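Good morning, and thank you for coming.

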Amino acid sequence: DSAARENLLAAINNWSLQRCEAGDFSHAVQLLAKGAAISPDYFPIQMNDLHVHQQWALDLCQRGQFSEALALLASSYLRRPDVQLFDRGRFAVYGLWADSLFAKGKDAEALHLFDQASQQHPGRLDVGQREISSILRAVQQRIEHSQWTQARELLEQGLARQPDCPQLNSKVRDLTDAKS
């Protein structure tokens, strides 16, 4: 019966959203998988698969569990490579992780993270773009805290890695002008 099937799928979908709201992401994903097994083309389940995974990855990042968030998005990407959230979301996690490391003064670890990302994802411009964004944010935070030497050192490291980056070169000029 199509009405009963529709009601069952809606119930599974709503139950998964309730579990997601409660932070029980694993159970929410299991429920969505059951719904997808019944009807792989049921649009609400497909959409909420994205929602639940996004919320789960964000929760992991907020708790500092960046490698787990990357693993979650990587496995989701293998399952659904056509979904931009799973593809580009991995690079957002690299950026959040690096931001966290830069904020703790762990510049070498943050830059090493981008090296690893480049090795795992050769040719992806997203990695370099995230690196530049993270460096610029860290430099700006250091400037705001009058940590001029640390800001300058990080900019120099960034430029050594990406010498043709206009944003980093512009920031060096701004920092030089501000110090004058």
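D87 and R90 are three residues apart in helix α5, so about one helical turn separates them. Helices here are DSSP runs (H or I, at least four residues), as strands are (E, at least two), numbered from the N terminus. The two residues form a salt bridge, with the closest N and O atoms 2.6 Å apart. By salt bridge I mean a side-chain nitrogen of Lys or Arg within 4 Å of a carboxyl oxygen of Asp or Glu. Both D87 and R90 are buried; that word stands for under 20% relative accessible area, with exposed for over 50% and partly exposed for what lies in between (1.4 Å probe, protein chains only).

Before I continue, a word on the source: this is a predicted model, in which local features need pLDDT of at least 70 and side-chain atom pairs count only at pLDDT 80 or more, while totals for chains, interfaces and linings use all residues. Residues are numbered from 1 along each chain as its sequence is written, and side-chain values use heavy atoms, with hydrogens and water left out.

How many salt bridges does a search of the whole structure find? The number is 13. One of them joins the side chains of D49 and R80, at 2.8 Å from N to O. This pair links distant parts of the chain, 31 residues apart: D49 belongs to helix α3 (residues 43-62), and R80 to the loop between α4 (66-79) and α5 (84-103). D49 counts as buried because its relative accessibility is 8%, and R80 counts as buried at 18%.

A further salt bridge brings together the side chains of E131 and R161, at 2.5 Å from N to O. Here, too, distant parts of the chain are linked, with E131 in helix α7 (residues 125-144) and R161 in helix α8 (residues 148-161), 30 residues apart. Are these residues buried or partly exposed? E131 is buried, at 5% relative accessibility, whereas R161 is partly exposed, at 30%. Salt bridges with shared partners also join D87, R88, R90, R124 and D126 into one network.

Finally, I turn to H53, which lies in helix α3. Its relative accessibility is 4%, so H53 counts as buried. Beyond its neighbours within four places in sequence, H53 is in contact (heavy atoms within 4.5 Å) with V29, L72, S76, R79 and F86. With S76, the H53 side chain makes a side-chain polar contact at 3.5 Å. A polar contact is a pair of N or O atoms within 3.5 Å; within protein, one must be able to donate a hydrogen and the other to accept it, and residues adjacent in sequence count only if both atoms are side-chain atoms.
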